Amino acid sequence: MSATAVEPVTGDPTLAERVDDVFDRPASVRSLALLRLVLGPVVLIHLWPFLTDTLGGTTYDDHFWVRWWGFMPQVPGEVQVALVWTGAVAAIGLSLGWRTRLVAPITWVCVAGNLFLSQHHFRHNRAFLLFLLAAVALADSGRVLSLDARRRRARTGARPGDPGDDLGTVWPLWLLRALAASVYLASGFSKLIDTDWSGGLVLWDRAVRHQHLVRERVPEPIADVVVELVTARWVHTITSPIAVAIELFIGIAIWFGRTRLAAIWVAIFFHVSIELSASVEVFSLAAIAALAIWATPATRDRTVVIADGTWVRRLDWFARFDVQDRPGAELTVTDRDGTVHSGGTARWLLWSRLPVVFPFVAVARAVRWRRS
Amino acid sequence: MPAPGAVDAPHSSGVEQGAVGSDRIVRPRWRARLVRGFVAVVLVGQAVLIVRGYADPHKFFAFQPFNESSTWRADIVRVTADGQRIPIEEPWPGGYEWDELVRWRVLERPGTMRHAYSGLGTSLDFLDDALDWVAANTPEDDETLYLEATTEAYRNTRGPEVLVLRSDLRDEAR
């Protein structure tokens, strides 16, 4: 058994104690390590247009640009070349977890530096990316799933999955949670108080003006029906408040254990629908990857007894389960509170905590629940 | 210095774990305060930027994407020292072209009605900045005194709102 040790509970902690826990109690940084793996490609995709520009000999100051602050001197274009290429190389190191404590801050500095060369480099998705990179840099996200971890194990003789192998300071994780939730809440609230938005005018007008894109992407027999539907004013009168509610729901419900899984599933649906209907650069990929930060920062605190746990181990990226193979055994899952689940409940508990299958399992569960 | 009996720190460099039997991270008092202060500053800063976004045309770090469905276009002319008003689509001393100078699709082909990127405020503010930038970065143009854009905008289908923007005066034509 390799469950993370937890101090016995001695009564409800006060708010001050909870805050101290955030800063002083080590916990699993695995979710940030998973996020780190994805952020490398995300940064490369983000930097790609700048890289190709510099290859063509063009830098930001060869055309219109706007300094962020009046006192800021004009930075030579060569600095941008250094920033984007260093950032790209550092992003590869970031994903590999090679010298993570060094390359993670470098990646952040390069992406931030490029953004702050000109106001017109700003995008909301790039600001969000900076949040993610900062958290990965501030936490010891290279403790697991990294070349750093492999090198440390070779030095100390430790093995993957040893107790405490992924423990680190997690205040950056909590800070990132607050910032990520604020993004959903800020966006949702601004739309809620804007009657043009919540009343459907904004989305309807966009749909009307971009209906040609629907005709380009939807096969002819049903294109007319789709266009008629998406350009109907009443449709947006209904869907716009729902869109606002979705953002607010994600920003609030994701904080609570009872609603978190639902919020994460809704967030996946939300980001996939945005990706299909709008151009948001790396936002969808980054935002879906960032949902990892809402996994409870504890590892192997549930026990699975299963006949063959090979696939569970492969898919259990968050290391939620202490997987025990027992040939011929029926599936049982022992939850954090000691409750032993079997049958359908055990299957739900197991599959709903494996990130790749979660979106589909959640739908199946919802359909089954509705039928019953 | 590690606390007496400290175990091998599995944390970030410089972070020490508490004594054996404790699962607390022990930091020097100044460092603990620094970390808490940093987090507080970031959270307050984020809150300020979100609130500030309601007064900022660009809504930097305020996270208000897809905030409008506004549209705009602009007629931009070069006003010469002798008072001529020459559309930027016509030949320009030095062979300059607006689209090449701005090289950003948000501001290219300004005469065409288009979606207001990130809202009308953002687009028109950038257009104003672009007039100044172009005026300052066309040294071979010795006849243009300033650039002037007359914009026609529809805020969420309502309008038109007409606005006249002018660049800084250029020394080259004075």
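Predicted model: local features only at pLDDT ≥ 70, side-chain atom pairs only at ≥ 80, totals over all residues.
Let's start where the chains meet. On chain A, 34 residues are in contact with 37 residues of chain B. Which elements of chain A give two or more residues to that side? They are helix H1 (15–24), H5, strand S2 (167–168), helix H7 (171–192) and helix H9 (201–209). H7(A) gives the most, with nine residues. If you sort the residues of this side by class, you get 16 nonpolar, ten polar and eight charged.

Now please find helix H13 of chain A, residues 257–277. H13 has 21 residues, and at 1.5 Å a residue they should span 30 Å; the end C-alpha atoms are 31 Å apart, so the two values agree. Which residues of H13(A) are buried? Those are Ala263(A), Ile264(A), Trp265(A), Ala267(A), Phe270(A) and His271(A). Among the elements covering them are helix H12 (233–253), H14 and helix H17 (358–371) of chain A.

H14 brings us to the last stop. In chain A, the axes of helix H5 (residues 124–138) and helix H14 (residues 283–290) come within 10 Å and cross at roughly 35°. That crossing of H5(A) and H14(A) is left-handed. From H5(A), the contact uses Asn125(A), Phe128(A), Leu129(A) and Leu132(A); from H14(A), it uses Phe283(A), Ala286(A), Ala287(A) and Ala290(A). By class, that makes seven nonpolar residues, one polar and no charged ones.

Note on methods. Residues numbered from 1 in each chain as written. Chains lettered and ligands numbered in written order. Axes fitted to C-alpha atoms, helices over the stretch in contact; angles between N-to-C directions. Helix = DSSP H or I, 4+ residues; strand = E, 2+ residues; numbered from the N terminus. Left-handed = near helix turned anticlockwise from the far one by under 90°. Contact = placed C-beta atoms within 7 Å. Nonpolar A, V, L, I, M, F, W, Y, C, P; charged D, E, K, R; others polar. Expected span 1.5 Å × (residues − 1). Buried ≥ 20, exposed ≤ 12 C-beta atoms within 10 Å, placed from the backbone.
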